[in-house]
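Here are a few quick notes on the packing inside this one, written to be read with the model open. Keep in mind that it is a predicted model.

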Amino acid sequence: YLITGPQPGPSSPQTSQAASGTPVRENTGGDLALSLAALGAWLITAGSGAYLLGSWIISSGIRRKRTPPAGAPPAVLLGHFGLATTGLVVWVIYLIADWTPLAWTAVGLLLPVTGLGLAMATLGLPSGPPRAANVPSRAGTAGTPARGWVLVPLVAGHGLLAAATLILVVLAAIGAG
């Protein structure tokens, strides 16, 4: 009895019992709006990340042999994508089930996703196969922009969307209890 929380008053949100006997807090209007905003931000972030992953795979990034270590290993990229997708699925299940531990599980999954994303930003994205030294590159000419420079704003935008997603998910989880 040394540590107790405040007793629920008449203005506190109603709780119900889950099948396991754990109290579940019902979403209020503001919590639901914030949770849906987090879902929207997560979907947009996942879409931009899927585009970046697809463009990397198309440039045969997954099949190349890494002789000199350049950029983050492909396992970091695929781990980032896999954990982010798992977190998104957990968040959708949270929205359906309205069970607070799922919201915090999604937050917990976002932490290593953020770490892997920052590692890729620091080390650099894995690059495609190296070009032969004697073949002149047309990148940067008027008709063909340099592929690396096109991806830089996309990666930066994905990072900003990811930061907004993380903030919205944490705020929604705090509001969920």
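1. Start with the largest nonpolar core, which has 19 residues. Trp42, Trp91, Tyr94 and Val169 are the ones with the most contacts inside this core. Four helices, α1 (29-58), α2 (74-97), α3 (100-123) and α4 (147-176), each put in at least two residues. The largest share comes from α3, with seven residues.

2. There's also a second, separate core, made of six residues. Leu53, Trp56, Ala72 and Val76 are among them.

3. Now the rings. Searching the whole structure turns up two aromatic pairs. In one of them, Trp42 and Trp91 have ring centres 6.3 Å apart and planes at 40°, so this pair counts as tilted. The pair ties together distant parts of the chain, since Trp42 sits in helix α1 and Trp91 in helix α2, 49 residues apart. Are these two tryptophans buried or exposed? Both Trp42 and Trp91 are buried.

4. The other pair is Trp91 with Tyr94, also tilted, at 4.9 Å centre to centre and 45° between the planes. Here both partners belong to helix α2, three residues apart, or about one turn of the helix.

5. How buried are the partners in that pair? Trp91 has a relative accessible area of 0%, and Tyr94 likewise comes out at 0%. The cut-off for buried is under 20%, so Trp91 qualifies and so does Tyr94.

Methods:
Residues numbered from 1 in each chain as written. Predicted model: local features only at pLDDT ≥ 70, side-chain atom pairs only at ≥ 80, totals over all residues. Heavy atoms only, no water. Core = buried A, V, L, I, M, F, W, Y, C linked by side-chain atoms within 4.5 Å. Buried < 20%, exposed > 50% of the residue type's maximum accessible area, 1.4 Å probe, protein only. Phe/Tyr/Trp six-rings, centres within 6.5 Å; stacked < 30°, edge-to-face > 60°.
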